[in-house]
Every structure is written in C-alpha cells, then in structure tokens.
Amino acid sequence: MLIFQEVSKEYPNDVTALKDVSFRIKEGEFVSLVGRSGAGKSTILKMILREAHPTSGSVFFQGVDISTFRHSELPLYRRKVASVFQDFKLLSSKTVFENVAFAMEAAGQPNKEIKEDVPQALEVVGLTGKEKRFPHELSGGEKQRVAMARALVQRPEVLAADEPTGNLDPIHTWEITDLLLKINKLGTAVILATHDEAVINALKKRVITLHDGKIVSDEEKGKYKIK
Amino acid sequence: MTNITRILKNSWKNFSRNLWLSIATMFMMFVALAVVGSLILFDESLSAFVSGLQEKVDVSIYFTQEAEEEDILTVKDTLEERGDVKSVAYISKDDALEIFTERHEKNEILLESLDELESNPLQASINIKVHQPEQFAGLVEFLENSTAAEYIETINFQENERVINTITSISASVNRAGLLFTIILTSLVILVTYNTIRLAIYTAREEIYIMKLVGASNWFARTPFVITGGLYGLISALLVLAFFFGGAYFMDSQVSLVFADIDFWGYLAQNNVYFSLIIIGTGVFIGTSSSWLAAKRYLKV
C-alpha cells in the first residue's frame with residue numbers, strides 16, 4: 001500500500017537525511033522505525049505526510065506517486081493518513097471534544113456522525129468525562145490520548161506516529177503503545193518511529209533500523225539492536 | 001452549508017477565546033482608523049478654510065463717469081458668458097452712492113460735502129468672482145484688450161494681485177503637503193495594521209499547521225482568520241465612528257468660535273454615509289486582506 005522507492009533526501013550544505021531508502025508497507029501492517037536521532041526516521045514520516053519531498057526517488061500510496069497530488073487532492077490524502085507527534089500538536093484554544101471533532105469537521109463529515117464518533121473515540125482512549133477540558137488542563141499522557149482519538153475518528157489507512165511516547169513516563173508509554181496496537185487491530189497500518197528499546201522489544205512486530213539515512217536491517221518480529 | 005456554519009463558528013471562537021489578543025489588535029486598528037478619519041476631516045477643513053479665503057477675493061472694475069449703463073451691462077453680459085467667471089455683480093452709480101451713504105452715515109461732514117456736489121461723484125463698478133484665483137490674470141488681460149477698455153478707469157486687480165497670488169500658492173502647497181501627508185499616514189496605517197494582524201496570526205501558525213495535517217483544505221483553514229480579521233476591522237470602525245460623531249457633536253461649538261469656516265459636526269452630519277462607508281470599508285478591507293496575506297505563509301504545509 002505504501003512504497004518507498006530509492007528515496008533520497010538531501011538538505012543544503014550536503015547534509016544527507018536519507019540515502020536510497022526502499023521498503024514496502026502492507027495494509028494493516030505494524031512497522032517500527034528505529035534509529036538514533038538524525039538517522040532519518042522523522043524524514044520518512046514527514047514524507048509520508050507529504051510535508052517533506054524526496055530529492056530523488058518516489059513515495060507511492062495505493063499505487064499513486066504522492067508528489068503528483070494537486071493542491072485540491074492533498075487534503076483528501078491527508079484524511080487517509082493520520083499522525084501523532086511527540087509534542088501532541090493539539091489546538092490549544094479548543095477543548096478535548098473540539099480537538100477530536102476538528103479532524104472530522106475539516107473532512108466535511110456531518111454533525112450527526114461527529115456527535116456519535118467523537119464520544120466513542122474518547123471512550124476508546126479513556127477520556128470520557130474530560131470532553132470540556134482544554135489541553136493545558138491535561139497531563140502529557142492525556143494529551144497524547146486526545147491526539148490518538150483525533151487519529152481514530154479519521155478512520156485512517158495509515159497512522160504515522162513520530163516518537164509518540166517520547167515525552168511520557170513508562171506507565172503512559174504502555175497506554176499509548178496499547179492504543180497503537182488497538183488502532184492497528186481496527187485495520188490501520190501503523191508506522192511508529194521510536195528509540196524506546198522496551199517498546200520495540202515488547203511489540204514483536206516488524207522493525208526497520210536506520211543508520212545515517214540508510215536502512216541497515218528490516219526484520220519481521222525484530223528487536224532493538226542499536227547499542 | 002455545514003462548512004460555512006463551521007467556519008463562522010471557528011471565526012467566533014478565534015475572536016472570543018483570544019480576547020486579549022483581539023482587544024489589542026482592535027485597539028491598534030482603532031488608532032489606525034482614527035488617523036484615517038482625522039485625515040478626511042483635516043482635508044475637509046483645509047479646503048473649507050482655503051475656499052473661504054478664495055471666496056473673499058474678488059476683482060472690481062471701475063468705469064469712467066462717461067460710461068453709459070448700457071455699455072456696462074454689455075461688459076457684464078460678456079463676462080457672464082465666460083466659463084471661468086463664477087459671479088458678476090453690477091453696482092450702478094446710484095447703488096454705489098447708497099452703499100457709501102450707509103457706510104458713512106455717522107460722518108456728517110462727509111455726507112454734507114457729498115450733498116454740495118451736484119452730480120454723483122462715485123463710479124459704477126462690476127464685481128467679479130472667479131472659480132480659481134489663478135484665473136484672474138487671464139480675465140484682466142481679456143478686459144484690457146476688449147472694446148470696453150475705453151470705459152474702464154481702473155481694475156483693482158493689481159492691488160489684490162499680491163493677496164491672490166499668496167492664497168493661490170498657499171492653497172497649492174497645502175494641497176500638495178496634504179496629499180503627501182495622506183499618503184505617508186495611510187501607508188503607515190496599513191503597515192501597522194498588517195503587522196498587528198500578522199502577530200495575531202503568528203500565534204495561530206501551529207493551529208493552521210495542525211489543521212492542514214488533519215486534512216483541512218486551505219479554504220477551511222484560512223477563512224476563519226480572514227473573517228476574524230474582518231470582524232476586528234468592523235468593530236474598530238464602529239468604535240471610531242462613535243468617537244468621531246460623539247466628539248464632533250460635543251466639541252463643535254468651541255471649534256467654531258476659533259475657526260468660523262470649520263464645522264466638523266455640519267460636515268459629518270451632511271456626509272455621514274460617505275464618512276461611515278470609508279471608515280468601515282477601510283477597516284474591513286485592511287482587516288480581511290491583512291489576515292489573508294498573513295495566513296498565506298503558514299498554509300504551505
């Protein structure tokens with residue numbers, strides 16, 4: 001479903017973020033991207049969200065080169081590819097409910113569905129009763145769960161998660177990891193960039209290891225191997 | 001339709017949930033629009049002042065004693081047909097005498113000596129006003145070269161010429177300075193408002209970025225900010241109007257005592273629609289276009 005084909009990314013001043021990276025991700029797959037800071041994990045996720053563009057090579061989604069999307073097609077693509085980030089990226093002036101509802105509003109979903117889906121998603125992430133809180137009134141773990149609920153209501157085909165547990169303590173880390181697995185079970189392919197050794201080893205899912213912008217290993221049921 | 005309600009709702013939330021930012025932005029716009037309003041009133045009072053002066057300037061042609069009334073009236077008719085002449089008033093010898101007697105009614109010696117004379121010693125004259133002071137010179141030249149020249153004794157243009165020239169050059173330079181002043185202040189107003197709104201939208205850049213990431217179209221992400229910007233402009237404009245109409249109403253009597261030609265309240269009352277439309281239009285236009293431009297750079301995600 002998602003194909004990286006000999007993708008390279010160079011920044012000015014000869015900084016190479018990715019070098020000839022190729023891999024395929026199947027529908028509903030759970031893939032972890034592992035590597036030190038600067039190994040290229042974030043660049044890959046940014047390319048999936050089409051925030052960054054390859055210097056050479058192509059990224060295909062369902063057989064279409066995503067760099068060919070026109071201005072008007074981009075929002076439609078982004079609704080199929082959800083994202084969660086280390087810094088949560090919630091709208092600070094909106095309540096929990098509104099933050100989750102916003103993704104559906106932007107997608108033009110009818111009010112009736114929003115009223116049904118948002119409470120459901122908040123229940124899945126365990127935030128029922130906190131709908132009217134603003135992000136600054138929540139703990140880090142709760143904020144990330146709001147972001148997960150926002151991704152859930154999008155019913156995405158891909159979820160790009162960039163260090164979602166990077167700012168969380170171990171207990172919340174497991175909650176979020178659990179939610180990622182739940183979303184994955186609902187049929188969404190999850191691409192998780194992390195350097196949390198414990199998470200990787202517990203997941204027992206496919207692991208792509210990156211070093212200096214190159215793939216050094218790609219294993220089903222992989223383990224964390226960077227020392 | 002759902003989208004439009006959602007956009008309107010988001011616009012209102014932008015406005016009400018960032019109340020302090022909204023108030024600060026509107027305060028800056030209030031100052032900017034007050035400058036625009038003051039410029040209009042300044043221009044208006046300046047031209048009222050200058051045209052008041054121009055109104056007072058005229059040229060009189062005095063005719064010789066031999067001139068027949070008929071000849072004088074022919075000159076008057078010729079003058080009235082000219083495009084540069086605003087008004088022509090004929091003062092006959094008898095009229096002149098009447099004015100003279102009236103003006104000096106307390107000076108008995110003068111009036112008695114006037115009675116001693118058998119005929120009326122005063123001259124018939126024509127008083128001319130033109131649209132623009134600089135038109136006098138051409139008019140005088142025309143009269144001096146016309147067939148009527150033989151009946152004309154004096155044209156008091158030479159005496160008035162200095163005054164006329166001074167007023168002409170003052171009003172020209174005042175207009176030029178006024179235009180320059182307007183251009184500079186208007187650019188300043190636009191710049192200040194644009195930067196204030198840019199600051200307001202800068203705080204929302206993360207929000208725009210997130211909207212784009214969850215699949216909002218540019219239109220859906222940007223329009224609420226444009227509407228909020230328009231709302232800032234509208235509210236500031238209404239406050240400025242209240243300030244000006246209220247201010248002019250209460251201050252008018254004092255100002256009129258000093259400058260008889262300047263009547264702010266009269267001007268505002270007469271041009272209320274024009275004035276309001278300019279202020280509201282400027283406010284809404286600057287508010288929406290600044291927001292549109294400022295949001296643009298954050299949409300490139």
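Mentor: One definition before the sheet: two strands pair if DSSP finds at least two bridges between them. Strands (E, at least two residues) and helices (H or I, at least four) are DSSP runs, numbered from the N terminus.
Trainee: And the ground rules?
Mentor: This is a predicted model: local features need pLDDT of at least 70, side-chain atom pairs count only at pLDDT 80 or more, and totals for chains, interfaces and linings use all residues. Residues are numbered from 1 along each chain as its sequence is written, with chains lettered from A and ligands numbered from 1 in the order in which they are written.
Trainee: What's the strand order in the open sheet of chain A?
Mentor: β2-β1-β4-β5, four strands with antiparallel pairing. β2 and β5 (64-65) of chain A are the edge strands, each pairing on one side only.
Trainee: How many bridges join β1(A) and β2(A)?
Mentor: Seven, in the antiparallel sense, between β1 (2-11) and β2 (15-25) of chain A. Phe4(A) has Phe23(A) as its bridge partner. Tyr11(A) stands opposite Val15(A).
Trainee: What about the turn of that hairpin?
Mentor: Three residues lie between β1(A) and β2(A). Asn13(A), in the turn, has a positive phi of about 65°.
Trainee: Switching topic. How many residues of chain A are in contact with chain B?
Mentor: 19, against 16 residues of chain B. Contact means C-beta atoms, placed from the backbone, within 7 Å.
Trainee: Which elements of chain A give two or more residues there?
Mentor: α2 (74-80) and α3 (96-106) of chain A. The largest share, four residues, comes from α3(A).

Conventions
Two residues are in contact if their C-beta atoms, placed from the backbone, lie within 7 Å.
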